[in-house]
Amino acid sequence: MQRPLIIALDFPSLQEVNGFLARFSGEHLYVKVGMELFYQEGPAIIHHLKEQGHSIFLDLKLHDIPNTVKSAMKGLAKLGVDLTNVHCAGGTNMMEAALEGLDQGTPSGEKRPHLIGVTQLTSTSEQLMKEQLLIDHSLNDVVVHYASLAKRSGLEGVVCSSLEVPLIREALGKEFMTITPGIRLASDDKGDQTRIVTPELARELGASGIVVGRSITKAVNPLESYSRIKKGWEGVLI
Ligand code: C5P
């Protein structure tokens, strides 16, 4: 996987997805299907996007008992997505079970989807963690700890903020993937995200991939916004 720029297709229907993608005619994109779209359109949306040649991150952030996660992953593996995820907070047994499910469900001769773990959501602040979740450690320590549990469970990387990438690379090596949402252009509204960075900074910090939603999907000109973000991410001087 070459350091992708992943567009979060946070839309409620196939119709809106088609309207959005029509602006990118012919371009093969890396797209993320999350809960909003998958719960409305189901597996058919994955087949539809695959037919158009897009790479797919299925972002359903599974978090349940190990047996349930394993069975769910067995089913999801049949969809042929490139990347999918679980919450690291489910623990190592759950993450190992997820991997087993993916292995068992991947049709023979096909590539198993890469599996990564969500450390702490990029909308979570240290204050929320302390006051609501009663986790009395620094956010950085928790993220690096969750990432090390993911690595120990055989996962290939994590979802985290770009701000945590240097620490994770130092602790777990450069090969361990860091896929980072919470990306904003300097002029953008930060919305509900708290740990945000620009595409240029994500690149400098060494992220393996970035996930961008509203800065592209809600832009007045999504195509223009996409190419600006892509240039920043790829280090092309504007
Ligand atoms: O619109 P925005 O760029 O904030 O969208 C970020 C996307 O990344 C959303 O689809 C969100 O669900 C997802 N995500 C995240 N933080 C994580 C994991 C996934 O924001 N830790």
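Select Leu 134. At 69% relative accessibility, this residue counts as exposed (buried is under 20% relative accessible area, exposed over 50%, partly exposed in between, with a 1.4 Å probe and protein chains only). The model is predicted: local features need pLDDT of at least 70, side-chain atom pairs count only at pLDDT 80 or more, and totals for chains, interfaces and linings use all residues. Residues are numbered from 1 along each chain as its sequence is written, and side-chain values use heavy atoms, with hydrogens and water left out.

Stay on Leu 134 and check its backbone. Phi is positive, about 55 degrees, although Leu 134 is not a glycine. Most residues other than glycine have a negative phi. Leu 134 belongs to the loop between helix 6 and helix 7 (helices are DSSP runs of H or I, at least four residues; strands are runs of E, at least two; both are numbered from the N terminus).

Now pick Leu 133. Its loop runs between helix 6 (126–131) and helix 7 (139–152). Leu 133 is partly exposed, with a relative accessible area of 44%. Leu 133 and Leu 9 are 124 residues apart in sequence and 29 Å apart in space, C-alpha to C-alpha.

Next stop: the ligand. Which pocket holds it? The ligand sits in the largest pocket. A pocket is an open set of points on a 1 Å grid over the protein atoms alone, where a 1.4 Å probe fits, with protein on both sides within 12 Å along at least five of seven lines. A molecule sits in a pocket if more than half of its atoms lie within 2 Å of its grid points.

Show the shell. The ligand is surrounded by 17 residues (a residue is near if one of its heavy atoms lies within 4 Å). The closest are Asp 10, Lys 32, Thr 122, Gly 213 and Arg 214. Color the shell by class: 7 nonpolar, 4 polar and 6 charged residues. Here Ala, Val, Leu, Ile, Met, Phe, Trp, Tyr, Cys and Pro count as nonpolar, Asp, Glu, Lys and Arg as charged, and the others, Gly among them, as polar. Strand 3 (55–62) and strand 8 (209–212) each supply at least two shell residues.

Draw the polar contacts (pairs of N or O atoms within 3.5 Å; within protein, one must be able to donate a hydrogen and the other to accept it, and residues adjacent in sequence count only if both atoms are side-chain atoms). The side chain of Asp 10 has an N or O atom 2.7 Å from a ligand oxygen. For Arg 184, a polar side-chain atom lies 2.9 Å from a ligand oxygen. The side chain of Arg 214 has an N or O atom 2.7 Å from an oxygen of the ligand. The protein covers 89% of the 470 Å² of accessible area that the ligand has on its own (Shrake-Rupley method, 1.4 Å probe).

Move to Lys 61, in strand 3. Phi is near 45 degrees, a positive value in a residue other than glycine. Lys 61 is partly exposed, at 21% relative accessible area.

Step on to Asp 64, in the loop between strand 3 and helix 4 (66–77). At 43% relative accessibility, Asp 64 counts as partly exposed. Select Met 94 as well: the C-alpha atoms of Asp 64 and Met 94 are separated by 7.6 Å, 30 residues apart along the chain.

Last, find Gln 193 in the loop between strand 7 (177–180) and helix 9 (199–205). Is Gln 193 buried or exposed? At 13% relative accessibility, Gln 193 counts as buried. Its side chain reaches the backbone nitrogen of Ser 123 at 3.4 Å.

Terms used: 1 Å grid on protein atoms, 1.4 Å probe; cavity = no way out; pocket = protein on both sides within 12 Å on 5 of 7 lines; lining within 4 Å.
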